[in-house]
Amino acid sequence: MHASGSCLCGDVKYEVAGERPNLALCHCQECHKVTGSCFSTCLMVPENNFSIVHGSKPLKTFTVKQESGMNLKVHFCPNCGTTVYKTADAEQFKGTIVLQAGTLDKGLAVNMAKPNAEFWTKYRTSWLEEVKGPQQFAEFA
Ligand SMILES: [Zn+2]
Ligand SMILES: [Zn+2]
């Protein structure tokens, strides 16, 4: 997979290389706030496969304690506020960029496989059905 993405204003641009990353939907309450919507669509990209290729300022970060107890750090454009990716200090997220897939450029629909997992389904919006196929997890596991 070779894909590019950007924030809403276009100042932050990034590239993703390597194997097609796993995709997960996350319905946790923190992702509701981060996205302003019902869930995050998360590409789990090894950090070595991710690079910021344009940006006049470094991304801003904000850290919050996620319900599981881990520290979740949100990385966003200081100009337009778009969350580009998240990182976390739990073991399963070491070395991984949790990329907000909606920031991918035109390849979004073409390049994305179906999700492998849905997390925090206990907070899934009541009218939203589970996706057929991916493993379902009430929390992170
Ligand atoms: Zn921006
Ligand atoms: Zn989440």
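Analyst: Start with a cut-off: a residue is buried when its relative accessible area is under 20%. Note too that this model is predicted.

User: Why does Trp120 count as buried?

Analyst: Its relative accessibility is 1%. The limit is under 20%. Therefore Trp120 counts as buried.

User: Where is Trp120 found?

Analyst: Trp120 sits in the loop between β10 (117–119) and β11 (135–136).

User: What is the phi of Trp120?

Analyst: Phi is near 55 degrees, a positive value in a residue other than glycine. Most residues other than glycine have a negative phi.

User: What makes the largest nonpolar core a core?

Analyst: Membership requires buried residues of the nonpolar kinds, joined through side-chain atoms within 4.5 Å. This core has 17 residues. Tyr14, Leu43, Val45, Phe50, Val84, Tyr85 and Leu99 have the most contacts inside it. Two or more residues each come from β2 (13–16), β4 (40–46), β8 (83–88) and β9 (96–100). Another core, of 16 residues, lies apart from it; Cys31, Leu72, Ala88 and Ala117 are among its members.

User: Which residues is Val45 in contact with, leaving aside neighbours within four places in sequence?

Analyst: Val16, Pro21, Phe50, Gly95, Thr96, Ile97 and Leu99.

User: How do you know that β1 and β2 pair?

Analyst: Pairing needs at least two bridges. Four bridges join β1 to β2, and the two run antiparallel. Therefore they count as paired. Ser4 stands opposite Glu15 in β2.

Methods
Residues are numbered from 1 along each chain as its sequence is written. Chains are lettered from A and ligands numbered from 1 in the order in which they are written. This is a predicted model: local features need pLDDT of at least 70, side-chain atom pairs count only at pLDDT 80 or more; totals for chains, interfaces and linings use all residues. Side-chain values use heavy atoms; hydrogens and water are left out. Buried means under 20% relative accessible area, exposed over 50%, partly exposed in between (1.4 Å probe, protein chains only). Contact means heavy atoms within 4.5 Å.
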